[in-house]
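Good morning, colleagues. Please take a moment to look at the sequence and the model on the screen, and I shall then go through a few local features.

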Amino acid sequence: MKSLVLAEKPSVAKELARVLGCGQKHKSYMEGPKYVVTWALGHLVTLAEPEDYDPKYRNWNLEDLPLLPPKMNLKVMKETSHQYKAVAQLCKRQDISELIIATDAGREGELVARWIMELVHWRKPFKRLWISSQTDKAIKDGFNSLKPGKDYDALYASAVCRAEADWLIGLNVTRALTTKYNAQLSAGRVQTPTLSILMDRERDIQQFQSKPYWTVGADLDGFSAMWREQDGHDGRLWSKEAADAIAAAIGKAGSAKVEKLRTTEKSEPHPQAYDLTELQRDANKRLGFSAKQTSNVLQKLYEQHKLVTYPRTDSHYLSSDMVPTLKGRLESIAVGPYTNLARRLLRSQLPVSKRIVDDSKVTDHHAIIPTEQFVQLSELSNDERRLYDLIVRRFISLFYPPYRYDETSVTLAVGQHRLYAKGKTLKEAGWREVYGTAADANGDDEDEDDSDGSIGGRGDKQQSQLLPALASGQSVAVKQGKIKELRTLPPARYTEATLLTQMEKYGLGTPATRADIIEKLLSSDTIDRSQNRLVPTGKGKQLIELVVDALRSPELTAKWEHELERIAQGKGNAAAFMKTIREQASKWVSEVIAETKEYKPHNVTHSKCPDCGKPLLEIKGKRGRSLVCSDRECSYRRSADPVLLNKRCPQCHKKMEMHTGKAGKYAQCRPCNVIEMLEDKDGGRVNKREQRKLVEQYSDQAPLANSLADKLRAALEQKGE
């Protein structure tokens, strides 16, 4: 008898099959003496669509809402149905005695497998492979210690609740808003509160009124100091006259007396190992990666290169059973720029503290660290290399001593005024040596999302400097007093890094889903990226006004996420949770229907739809800008960006654009206004196929790869000119 192993992706199945000795390759599975390994293609099974319950729901009508099926049905996804059929056939084989779930070790992975099992009516025993890395050793150890499948029933229940809640809330509120306002307006259990956080910040920025303020500083013998009214004061003065008077008094005095001198030893412990959210935050700050880009690159490092442990984790800690593997991991990464840093640690026993290893703080998966797989840095792409560098340096820094320095603060008296200065003396670089002494592993010292009107304008933040030897009571020469004019600044717009911090703070989504939520908001044109900042669009601003108050609240979604976590731990009540969700969906649909506000599209153009005469909307997509009809019932759409031809302007030699006029297709150079007609057989009406041929004929994208083709292209260009 054999065991059927179900992986989530073909690439993972291939690795499992190799380790398990499954040498017979088939189209949809691999087989060996003891195991048959097959795969899902992500999800093979999903929740049924409204039209699967009743064909009338294919059309979106306000009167059909809310849609609350008494029992949520499952269906096979059309695009991957061929693989589902193959898996179903394997499940029916007489020589298969048990199923081993080898999908991703998390909530979503559990759902992938269990929904397939439900549709194929699996009744035989099943076990769970639960591993945190894809190395051969981890796979072998995992198969030697398979867990009973029933141990993960609570995790499955939680995954079902999350999927059904997203369907019931998202689908009902989205259909209600879209049909009510005749515009594509989407809402969701997590995406709407996330948009609300961005809108709250936008509102603060719009309402902010900048004010001027002044600071007073002094150049002393060998260092500089700042005036403050008293210790703890921020040094800001709201009157220029007052600042001028203080600066003049300090300048006239000629000398200052050291009133207080205090030196304290300070130390900073190493930063903790990465969880997914903090790695996404750091990659955004340091590398400019989006959260989604970090997830994608990390998945390759985990799955393809097998260099890092399971990515979708929310823990900063390691489990005690990993301690014996730590030196092996350091040996594997002791290459290239990490050789000396890692070798130094390998000479003695590793200092393992509660800050690194704590079983009570590891739930499903430990922190993201390197595996024991030997690394070939040259095999990594540039993005993979940079992200791997963050993970490796963070891991090495765990075993370095604290960063220690002496901080000297001095208070100087100048008549009735007080000047303050700070100095720092390095004692031991400690873990900062892994990053270069001056670099900070945590990026910026202050999170930008903490900035507000009161601190946002502080351009006077005192920098540490090297102070000369000073003694209490000593007199120091004052060279000059000087003032600086600054302005209070509004709070900064969120970056992906600071938005992830807020999502984590309010419990919005999970480490695995937060990147997708941000991408969803971007793709639905409710927010936009502007120089690494996230800005709500006109559509996003209106959507927040139209959506029901309760759905905007991060606190409510956080409460639901907490309950989902309790269900996953076997402590919550799934039935009670779903009852609440259904009640909320019904209530919110009623509130949308009763709303009297209006929606005005922010992206209306002056162009009219040639089919129905209504205004066209400009939308951004993956392929550039498009113009679509504002009436959802009308399907008219065309590209808003002109097609650039390989045809060059005879005057300025820039590429010409292709346009359509009454006489047919023509090439135009806008700067020179040179126009040339293009070959057109249908007297102005060119179907899409003809247009594609025309673009291929004149553009760089034409698949011409041999000398004959090159000659043909040259002849065509000559003919066009």
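Predicted model: local features only at pLDDT ≥ 70, side-chain atom pairs only at ≥ 80, totals over all residues.

**Aromatic pairs, charges over rings, and a run of strands**

Both tyrosine 403 and tyrosine 405 are buried.

A search of the whole structure finds nine aromatic pairs. One of them is formed by tyrosine 302 and tyrosine 310, in an edge-to-face arrangement, with 5.9 Å centre to centre and 85 degrees between the planes. Tyrosine 302 has a relative accessibility of 2% and therefore counts as buried. Tyrosine 310, with a relative accessible area of 3%, is buried as well. Tyrosine 403 and tyrosine 405 also form an aromatic pair, and this pair is tilted: the centres are 5.0 Å apart, and the angle between the planes is 35 degrees.

I turn next to charges placed over rings. Over the ring of which residue does the charged end of arginine 394 sit? That residue is tyrosine 274, and the distance to the ring centre is 4.0 Å. In a second case, the charged end of lysine 211 sits over the ring of tryptophan 238, 4.8 Å from the ring centre.

Now to the strands. Strand β24 covers residues 664–669, and six of its six residues are buried, so the strand is largely enclosed by the rest of the structure. Which strands pair with β24? On one hand there is β23, residues 655–661, which pairs with β24 in the antiparallel sense over five bridges. Within that pairing, methionine 658 stands opposite alanine 667 of β24. The two strands form a hairpin, with two residues between them.

On the other hand there is β25, residues 674–677, whose pairing with β24 is antiparallel and runs over four bridges. Here glutamine 668 stands opposite isoleucine 675 in β25.

Finally, lysine 2, which lies in strand β1, residues 2–7. Is this lysine buried or exposed? Its relative accessibility is 16%, and because the cut-off for buried is under 20%, lysine 2 counts as buried. Leaving aside neighbours within four places in sequence, its contacts include Glu31, Asp95 and Glu98. Val36, Arg93 and Ile96 are also among the residues in contact with lysine 2.

Thank you for your attention.

Notes
Residues numbered from 1 in each chain as written. Heavy atoms only, no water. Buried < 20%, exposed > 50% of the residue type's maximum accessible area, 1.4 Å probe, protein only. Pairing = 2+ DSSP bridges. Phe/Tyr/Trp six-rings, centres within 6.5 Å; stacked < 30°, edge-to-face > 60°. Lys NZ or Arg CZ within 6 Å of the ring centre and 35° of its normal. Contact = heavy atoms within 4.5 Å.
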